[in-house]
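Please keep the model open while reading.

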Amino acid sequence: MASITIRNIDEKAKQALRERAARNGNSMEEQARLLLDAAAQNDKMDEAQFVSTGYEAGSRSTAIIDPYYPASGKRILMIISGGIAAYKSLDLIRRLKERGVSVRVIMTKAATEFITPLLVGALSHDKVFCDLFSREDEQDVGHIALAREADLIVVAPATANLMAKMAGGLADDLASAVLLAADVPLLLAPAMNPAMWNNPATVRNVETLANDGVHFIGPETGEMAERGESGRGRLSEPMEIVAAIGQLLDDAHKPLKGLRAILTAGPTHEPIDPVRYIANRSSGKQGYAIASALARAGAQVKLISGPVDLPRPPGVERVMVQTAEEMFQAVENALPADIAVMVAAVADWRTIASAEEKIKKKPGTKTAMTLKLTQNPDILKSLGHHKKRPTLVIGFAAETQDLIKHAKAKLKRKGADWILANDVSHETGVMGGDQNTIKLLSNDNTRTNVEEWPTMAKGNVATKLVDKIIVHFETQTVNV
Ligand SMILES: Cc1cc2nc3c(=O)[nH]c(=O)nc-3n(C[C@H](O)[C@H](O)[C@H](O)COP(=O)(O)O)c2cc1C
């Protein structure tokens with residue numbers, strides 16, 4: 001293999017590489033190779049248009065290279081067994097690769113009926129192993145080595161059949177033989193028809209495996225591929241599996257360990273009557289991404305969320321609320337905390353009194369409808385001046401005009417330490433979209449600093465913000 005030497009790496013980059021290598025227990029060279037591999041993988045994904053698996057060209061801008069992902073730099077052996085959800089394992093491979101994880105794949109014979117080893121190999125950048133009795137593979141790596149050279153084995157999807165074989169200790173193909181020989185943590189992500197999942201035989205097998213120390217994620221409840229079928233049996237979302245792998249391989253890098261964070265996210269719904277409400281277009285994506293990044297950095301996170309259609313980020317405690325008043329109360333209940341990040345788009349007003357019955361039109365009249373509104377509590381301001389004020393209070397300013405002017409005024413009025421200002425005019429696509437353009441305002445005694453961030457994926461905004469939070473607390477500790 002050709003080797004390359006990289007000259008003139010600046011000291012900061014070298015230090016980051018050194019720390020990352022130390023964290024993952026490998027050399028700087030190995031770490032650099034993994035990072036380059038991940039970057040090349042992202043380029044490759046941009047070129048490919050795996051529309052059927054949800055990938056689209058141009059995904060580079062939303063790819064997340066996550067420096068806090070605990071499994072970054074680790075080796076995962078992924079086993080794909082023969083279920084209808086096998087195609088989702090492609091996304092899982094991609095998500096792991098872009099986080100700097102080395103992924104080697106075994107496919108069962110049945111899995112190759114659903115997706116091809118060629119496609120899997122193109123994504124994993126490695127040979128795909130399918131045959132227990134392949135002389136070439138056995139000499140090359142060997143099935144015992146396959147099991148041993150991994151930090152964790154994940155089976156996604158895990159069929160009822162493969163789990164039955166595992167529970168019974170069978171080893172009649174490469175996947176089951178490797179699983180029987182493995183002495184590393186095993187994570188299964190089952191996926192099957194609800195009738196198969198609820199079958200007493202499967203229930204017994206899952207119980208046996210759980211008692212043997214095998215970890216499970218899912219299955220989830222929802223619609224099945226079979227028309228008209230729903231129930232428990234869906235494969236967990238790839239990002240949930242990524243998070244579960246991260247948690248199992250989490251060694252220690254938790255710079256915010258011991259700190260408590262309160263997050264608010266999403267819109268609020270202010271009822272007009274039992275069926276109508278005042279709301280806004282906030283999707284909750286930015287707040288959820290920050291909650292997730294804080295949790296990955298080790299903070300104990302309480303996420304107070306308005307009504308959104310997003311799964312609870314792993315490792316985060318979530319309280320769901322509807323109205324601004326409920327959100328205010330939930331924030332009060334969550335105090336004391338060290339960090340508060342108020343991302344929710346809280347409605348400024350609510351109706352004075354929500355009607356008990358659905359408000360009816362008056363037949364024959366075209367009179368304008370008048371709603372009487374009153375102001376909601378100001379959650380950020382209350383925290384900024386609270387007697388239990390968190391050490392670091394961060395707010396968001398969503399504006400459609402005079403962004404900096406309004407954000408500066410907000411920073412002062414609310415008593416916040418930092419304000420992340422973003423332009424949410426319709427044409428920016430920020431509300432509900434996947435990208436954000438941030439200006440970070442902070443006060444240092446005499447003047448307000450404004451830091452402009454380039455447009456980036458909301459996940460990357462979250463990582464960058466958490467980086468700053470970490471530096472903030474590290475500097476504080478040094479100063480004490
Ligand atoms: C179209 C189709 C879809 C299937 N989907 C699933 C599934 O989602 N989960 C499952 O446990 N088995 C499913 N099966 C059955 C498995 O493919 C079968 O049990 C096979 O023997 C599993 O082999 P493996 O465990 O070695 O991969 C499906 C079969 C077919 C034909």
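## The sheet

In which sense do strand β1 and strand β2 pair, and over how many bridges? Strand β1 (residues 75-80) and strand β2 (residues 102-107) run parallel, joined over 6 bridges. Leu 77 has Arg 104 of β2 as its bridge partner. Strands count as paired if DSSP finds at least two bridges between them. Strands (E, at least two residues) and helices (H or I, at least four) are DSSP runs, numbered from the N terminus.

This is a predicted model: local features need pLDDT of at least 70, side-chain atom pairs count only at pLDDT 80 or more, and totals for chains, interfaces and linings use all residues. Residues are numbered from 1 along each chain as its sequence is written.

The open sheet has 6 strands, in the order β3-β2-β1-β4-β5-β6, with parallel pairing. β3 (128-129) and β6 (215-216) each have a single partner strand, so one side of each lacks a neighbour in the sheet.

## Helices across the sheet

Helix α8 (residues 174-181) lies across β1, β2, β3, β4 (152-158) and β5 (186-190). Its angle to β2 is about 125°. Helix α11 (residues 238-248) lies across β1, β4, β5 and β6, at about 155° to β4. Axes are lines fitted to C-alpha atoms, for helices over the stretch in contact; angles run from 0 to 180 degrees between N-to-C directions.

## Two partners of α3

Helix α3 (residues 88-97) packs with helix α4 (residues 117-124) at about 15°, axes 9 Å apart. That makes α3 roughly parallel to α4 (under 35 degrees; over 145 is roughly antiparallel, 65 to 115 roughly perpendicular, the rest oblique). Leu 90, Ile 93 and Arg 94 of α3 meet Leu 119, Val 120, Leu 123 and Ser 124 of α4 (contact: C-beta atoms, placed from the backbone, within 7 Å). By class, this contact of α3 with α4 has 5 nonpolar, 1 polar and 1 charged residues (Ala, Val, Leu, Ile, Met, Phe, Trp, Tyr, Cys and Pro are nonpolar, Asp, Glu, Lys and Arg charged, the others, Gly among them, polar).

α3 and α11 pack at about 50°, with axes 9 Å apart. They are therefore oblique to each other. Lys 88, Asp 91, Leu 92, Arg 95 and Leu 96 of α3 meet Pro 238, Met 239, Ile 241 and Val 242 of α11. The contact of α3 with α11 divides into 6 nonpolar, no polar and 3 charged residues.

## The ligand shell

15 residues surround the ligand (C-beta atom, placed from the backbone, within 6 Å). The closest are Ser 81, Gly 82, Gly 83, Ala 110 and Thr 159. Helix α7 (residues 160-168) gives the most, with 3 residues. The shell has 9 nonpolar, 6 polar and no charged residues.

Key. Two residues are in contact if their C-beta atoms, placed from the backbone, lie within 7 Å.
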